Amino acid sequence: MNSALTSRLGGKVSLPACRPRVASRHTSVVRASAGLKRPEYIPNRIDDPNYVRIFDTTLRDGEQSPGATLTSKEKLDIARQLAKLGVDIIEAGFPIASPDDFEAVRAIAMEVGNDVQDDGYVPVICGLSRTKLADLERAWDAVRHAKRPRVHTFIATSEIHMQYKLRMSREQVVENAVAAVKHLRSLGCNDIEFSPEDAGRSDPEFLYQVLGEVIKAGATTLNIPDTTGWNLPHEFGDLIAKIKANTPGADNVVISTHCQNDLGLSTANSIAGAMAGEFDHSSAGLLPWEVRNGNSTRESVLCMVWRRIVLCMLWGGAGAELRKALDSVRVVVGALCWQVSAKWCCSRGMRSAGLAHSSWGLWCSLPVHCSLMPQLLTSACCCLAVVLADSGARQIECTINGIGERAGNASLEEVVMAIALKGQDQMGGLRTGIRPVHIYPASRMVSDYSGMMVQPHKAIVGANAFAHESGIHQDGMLKNRGTYEIMTPE
């Protein structure tokens, strides 16, 4: 991989292959993250709050790229490589689409889905299905042989899709979604993912309703697709935060993202979704609505905080009426307490002392302040709520090389390396179970088999990703590779 990526063509200078590397801080972070144990797989939760599941849909959405075709054998080979890479979930196909697709998904489920490694890792094998009963049964029949089978069912929820494509009312959409999840449960499927197609353009209030109902029916993962690539990062992050804040039962499932690349923002949107609700306590004023990447509005953040306070008080899902009562005062009282508390912290130098650079630090520092100023006890409750509140999406759907419908999907290699390099310092400790050394072989295999060429300047895996033509750059690289490379090609 090193020689392939660092060779300089067309007269460009080649760096000595044997040149010793200076170990960089970034490399150490990646290695430290890779050394952490993958949490035990439980369909509806992740015990490590910083762990992000990687859901690879190269074999399903990726194969829908115009011009891309894969044989059953090629799909099996790619699935094996994805397992080496360490993806948590492999969406192996759309079993109802054709007999060949069914057999390919079934073969992957039986072989790759049962190849348990020494550390206990084995990928979840997933099949896509519409909410039609025949689709659901076909998908379940294809994946049920895997050690960890999953069915991913979907139905559109945006007005334009419901009116013109489905020709269904809102009530019919909810009914179909619930019936699909219940039918999968009756078949014996306990790992069910539900997607409200075109969620990025759907009415949020309707989303909360649909998602709440499928949770009650038994869904374990809620995938939020930006199907048309319409959202900007701050919009998509805000959508994830609001869904977690306003959907009944959202604390009992895993939230996922699926972002298309029509505006070139799929990776940024996916990261924004994972960071939704993550506060940047180092920002000026320490106000709760000053968040990373604009992921949450004041309204959605305060709503989440106040609802979590009630849940903490009641230790469970009871108390809906009390939650509604607190909702009516959350904006005025919450904003006032946060603002006064934040200003007090800043005036005492807590930011400069580093206490406020994490949720834990803020939680530790504010109770001392509140014991001195009882009138601000509410702000301490808010801080406790922030610590206890769930974070953003903890599953990201992506494809190798970003292939997929139209302009493609979020690129697995971009998402994974962004988290590997920035997750610890800038994303609240986020990490994945991906083994980066297998990224390039997977990229080459998918490109060769699908016929989809990787553009030379493609991030991470492009031929020029580690090439340097400028004389100034070459001079810096010869002296220390860290001058222009934030990661090593290995």
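Two strands count as paired if DSSP finds at least two bridges between them. Keep that in mind for the first exercise; the model here is a predicted one.

**Exercise 1.** Work out which strands pair with strand 8, and in which sense.

*Solution.* Start with strand 7 (residues 254–259): three bridges join it to strand 8, and the two run parallel. Next take strand 1 (residues 53–56), which pairs with strand 8 in the parallel sense over four bridges. Now zoom in on Glu 397 of strand 8: it is the bridge partner of Phe 55, and His 258 stands opposite Glu 397 too.

**Exercise 2.** Sort the side chains of strand 8 (residues 395–398) by the way they point.

*Solution.* In a regular strand, side chains alternate between the two faces of the sheet. Here, Gln 395 and Glu 397 point one way, while Ile 396 and Cys 398 point the other.

**Exercise 3.** Describe how helix 4 (residues 99–111) packs with helix 5 (residues 133–143).

*Solution.* First, the geometry: the axes come within 7 Å and cross at roughly 40 degrees. Helix 4 and helix 5 are therefore oblique to each other. Then the contact itself: Pro 99, Phe 102, Val 105, Arg 106 and Ala 109 of helix 4 meet Arg 138, Asp 141, Ala 142 and Val 143 of helix 5.

**Exercise 4.** Decide whether Asn 269 is buried or exposed.

*Solution.* Asn 269 sits in helix 10 (residues 266–275). Its relative accessibility is 0%, so Asn 269 counts as buried. Beyond its neighbours within four places in sequence, its contacts include Asp 226, Pro 233 and Cys 259.

Definitions and conventions:
Residues numbered from 1 in each chain as written. Predicted model: local features only at pLDDT ≥ 70, side-chain atom pairs only at ≥ 80, totals over all residues. Heavy atoms only, no water. Buried < 20%, exposed > 50% of the residue type's maximum accessible area, 1.4 Å probe, protein only. Contact = heavy atoms within 4.5 Å. Axes fitted to C-alpha atoms, helices over the stretch in contact; angles between N-to-C directions. Parallel < 35°, antiparallel > 145°, perpendicular 65-115°, else oblique.
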